[in-house]
Amino acid sequence: MTTIQRVNYKTDNCYIVANDGKAVLVDTCSGEAYDTVLAECSKYEMQLILLTHVHFDHAENAARLAKHFDIPVAYHKADEELFDNFDLQPLMSYGPVGKTVLGLSMKTLRNTALEKPEKTVYIREGDDLRTYGIPAKILELPGHTRGSVGLDIAGQGLIVGDALDNWISPATGHLYSDPEELRKTAEKIQALGKRKVYYGHGRPTWNIAKPLKEKVHLREKKDPDRKALIVIDLQNDYLWNERKPMFTYDTERLVGNVNEAIASYKEKGYDIIYIAHILPALPTNRMFIGFSIQGTPGAELYDKLDIVSDLYFEKHFSNSYTSGAFRRHMAERRYAEVVLCGLDECGCVGATAKGAVKDGSRVYMLENCIGCRFPERKVRKLRSELKELGVTYI
């Protein structure tokens, strides 16, 4: 009789699929779970380790366990590159759950070095594990990663990795590298009919061919060849001699550095985008705020800033992604990477960084091209938050 044992460590699952004493381990959890997984596997005659995909919370213990039991590790060839570099298949997310999970995971995904196993086996759709004593077949389930796979066990149980998840309730995987492939994968699983579904995260449930919960539209896949340098709020009111005393930026140094960055990134093929913070010309804004007022010289881009494109957008709030025109442009161009500079790190630049992360782009902050007038403790707090979200300072 074939059994499926869930081994749970914190929020992660791996599974031991056993038949007549022989067993296959599906996924391995993160490194800190090693002793727990080893203890459970030691109860069986282990034959194989199967990875649903190559991320740290599924694969970090693979090489070490494989050495211990002297067995091979199987995975799809399309995921092999992830042993070396997670960013080769960058993740996007949808919904509050996805945003939270991606934010908490990004730093570890990028910084965890995965040891590649010595003995490996490539797997693909339809491969049969009877050779390893288990009546199960491989299903290709791309979308979370290009090489994501699942295991259909005797037509009764289905291990899906992160193609689906059950953080709160069963849903299409909240993190993905390719939204269209993930849609197809969800439909493929749904079409299998009644199976008990075993997730990489969350408790198992029954798949009864009902529509999967997916409240938020998955974003379009980013174009890896499209990148942008976004220059934020370098306007006269913040930089010229007539500015208010609270704007203490080193204008000459900051603008000089930004102009060098504009030239460099333009030469590399990046789109150069300019953002201006514009407030309506209301009497209250003129009286109580007094800067960035629509139609005033102070709201114009700083006259010594190099303008090399006509990609100019105005916003009313800190996060540039609140501008409808800017958001439509970003959706149309599908930038895989954005590099941010300008004013202020603890204001509009920081807010835009968070917006870009939410939009699914890789985000970089040009440290010497960003001004800040806030206390150091506030800067440290913001940088910690952004780095946890996967933002990189360069």
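Just after helix 5, Gly193 adopts a positive phi of about 80 degrees. The model is a predicted one. Helix 5 itself covers residues 179-191, 13 residues in total. From its first C-alpha to its last it reaches 18 Å, close to the 18 Å expected at 1.5 Å a residue. At the start of the helix, Asp178 places a side-chain oxygen within 3.1 Å of the backbone nitrogen of Glu180.

Five positions in helix 5 are listed as buried: Pro179, Leu182, Thr185, Ala186 and Ile189. Viewed down the helix axis, the buried residues fall within an arc of 115 degrees, so they line one face of helix 5. An α-helix has 3.6 residues a turn, so residues three or four places apart point the same way. The face turned away from the buried side carries Glu187 and Ala191, both exposed. Strands contribute to the cover over the buried residues of helix 5. Among them are strand 6 (92-93), strand 10 (157-161) and strand 11 (164-165). Strand 12 (171-172), strand 13 (175-176) and strand 15 (205-207) are also included.

A search of the whole structure finds 2 cavities of 30 Å³ or more. The largest cavity has a volume of about 120 Å³. Its lining consists of 15 residues. Of these, Leu91, Met106, Arg110, Ser361 and Arg362 lie nearest the centre of the cavity. Two or more lining residues come from each of helix 4 (95-111) and strand 20 (362-370). Helix 4 gives the most to this lining, with 3 residues.

Notes:
Residues numbered from 1 in each chain as written. Predicted model: local features only at pLDDT ≥ 70, side-chain atom pairs only at ≥ 80, totals over all residues. Heavy atoms only, no water. Helix = DSSP H or I, 4+ residues; strand = E, 2+ residues; numbered from the N terminus. Expected span 1.5 Å × (residues − 1). Buried < 20%, exposed > 50% of the residue type's maximum accessible area, 1.4 Å probe, protein only. Arc of directions from axis to C-beta. Contact = heavy atoms within 4.5 Å. Polar contact = N/O pair within 3.5 Å; in protein donor to acceptor, adjacent residues only side chain to side chain. 1 Å grid on protein atoms, 1.4 Å probe; cavity = no way out; pocket = protein on both sides within 12 Å on 5 of 7 lines; lining within 4 Å. Points joined across faces, edges and corners; volume = space filled by probe spheres on them.
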